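Subject: Structure handover

Hello,

Here is the structure for you to keep. My notes on it follow below.

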Amino acid sequence: MNQTAESDPITLFRSNWATYQKLLQHNYMFHHELVHASQKLIQSIDRPLSLVDLGCGDASLSQALFKNNQISRYIACDLSQPALQLAKENLAPWSSQLELNCLDMLEQLGQIPDRSLDLVFSSYAIHHLTDQSKLALFKECFRVLKQWGSFVLIDVMRNDGQSRNNYLDQYLCMVKNDWVAINSIECTRITEHVRGNDFPLSPSEYQSLARQAGFHKEALLDAHGFHQAWAYQRLS
Ligand SMILES: C[S@@+](CC[C@H](N)C(=O)[O-])C[C@H]1O[C@@H](n2cnc3c(N)ncnc32)[C@H](O)[C@@H]1O
């Protein structure tokens with residue numbers, strides 16, 4: 001079957017990616033602050049880092065995040081091959097330690113041996129998973145981390161007790177009112193994406209998943225409304 005220009009995955013990737021880049025440029029999702037807060041924790045780890053970045057996208061964020069760390073192994077995973085192409089360029093400083101894998105993040109974790117990584121990092125990707133897969137992900141993160149390892153999670157989170165519908169209405173109201181640099185086509189694209197694909201949990205629901213998985217401690221690194229950074233520490 002012939003694909004139309006709009007349904008062609010490369011064209012679709014480019015237009016969605018261009019919209020996402022605009023959100024980054026205007027810092028609408030507080031990447032700048034959340035990366036800075038995560039960086040403080042990550043820079044305090046004074047050994048070469050072995051890590052996996054789940055849903056790395058083009059890895060422009062990770063490039064900034066890890067710039068002052070020594071890296072011994074860097075696994076970058078994303079479902080999108082075009083995104084990984086860009087990640088390859090952005091992660092060039094670590095090319096000899098780098099593995100780029102076009103995989104689902106749970107499948108990626110399944111390929112990593114027990115207690116072999118210092119850090120699992122994921123930014124704005126796991127809210128796409130079902131709640132059951134989120135629990136499976138926390139269990140896998142716990143399994144692959146070394147004793148003192150951490151799972152650093154940047155993502156959208158709803159308020160405790162808030163329904164998904166109420167969250168979606170509030171989030172999209174904020175998009176409409178505050179994200180003034182996006183045009184109406186981009187706004188429609190974001191609305192459809194968020195309504196169809198975003199299933200964020202609240203911080204205490206994530207805490208419950210982390211405890212079920214075996215994590216002993218969590219820390220809020222920074223929060224800007226729905227946009228938050230957390231660290232879950234194995235410590236056992
Ligand atoms: C909003 S982007 C975030 C990219 C980057 N981490 C950042 O914060 O700028 C979400 C990324 O997660 C990827 N993704 C979504 N679901 C995934 C899954 N199940 N496994 C691997 N990657 C996934 C998408 O392809 C996309 O590149």
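The largest nonpolar core has 51 residues. A nonpolar core here is a set of buried Ala, Val, Leu, Ile, Met, Phe, Trp, Tyr and Cys residues joined through C-beta atoms within 7 Å. A residue is buried if 20 or more other C-beta atoms lie within 10 Å of its own, exposed if 12 or fewer, and partly exposed in between, with C-beta atoms placed from the backbone. Those with the most contacts inside the core are V52, A76, A87, L117, V120 and C141.

This is a predicted model, in which local features need pLDDT of at least 70 and side-chain atom pairs count only at pLDDT 80 or more, while totals for chains, interfaces and linings use all residues. Residues are numbered from 1 along each chain as its sequence is written. The mean pLDDT (the predictor's confidence in each residue, from 0 to 100) is 93 for the protein, and 94% of its residues reach 70 or more. Over residues 1–6 pLDDT stays under 50, and the model has four contacts beyond four places in sequence for them. Two residues are in contact if their C-beta atoms, placed from the backbone, lie within 7 Å.

Around A87 and L91

Leaving aside neighbours within four places in sequence, A87 is in contact with C56, D58, A59, A76, D78 and L100. L91 is in the loop between α4 (81–90) and β3 (98–102). Helices (H or I, at least four residues) and strands (E, at least two) are DSSP runs, numbered from the N terminus. L91 counts as buried because 24 other C-beta atoms lie within 10 Å. Not counting residues up to four places away in sequence, L91 touches A59, Q63, Y74, A76 and L98.

A59 sits in the loop between β1 (49–54) and α3 (60–65), and is buried, with 26 other C-beta atoms within 10 Å. Its backbone deserves a look: A59 has a positive phi of about 65 degrees although it is not a glycine. Most residues other than glycine have a negative phi. R115 also has a positive phi, near 45 degrees. R115 is in the loop between α5 and β4 and is partly exposed, with 13 other C-beta atoms within 10 Å.

Helix α6

Helix α6 covers residues 131–144; at 1.5 Å a residue, its 14 residues should span 20 Å, and its end C-alpha atoms are 20 Å apart, which agrees. The expected span is 1.5 Å times one less than the number of residues. Buried in α6 are K134, L137, F138, E140, C141, F142 and V144. The buried residues of α6 pack against α5 (105–110), β4 (117–123), β5 (145–156) and α9 (203–213).

The ligand

Which residues are closest to the ligand? They are G55, G57, M105, S123 and A125, out of 15 that surround it. A residue counts as near if its C-beta atom, placed from the backbone, lies within 6 Å. By class, the shell has eight nonpolar, five polar and two charged residues. Ala, Val, Leu, Ile, Met, Phe, Trp, Tyr, Cys and Pro count as nonpolar, Asp, Glu, Lys and Arg as charged, and the others, Gly among them, as polar.

Two further positions

A37 lies in helix α2 (residues 31–43) and is buried, with 22 C-beta neighbours inside 10 Å. Q233 lies in strand β7 (residues 227–233) and is partly exposed, with 18 C-beta neighbours inside 10 Å.

Regards
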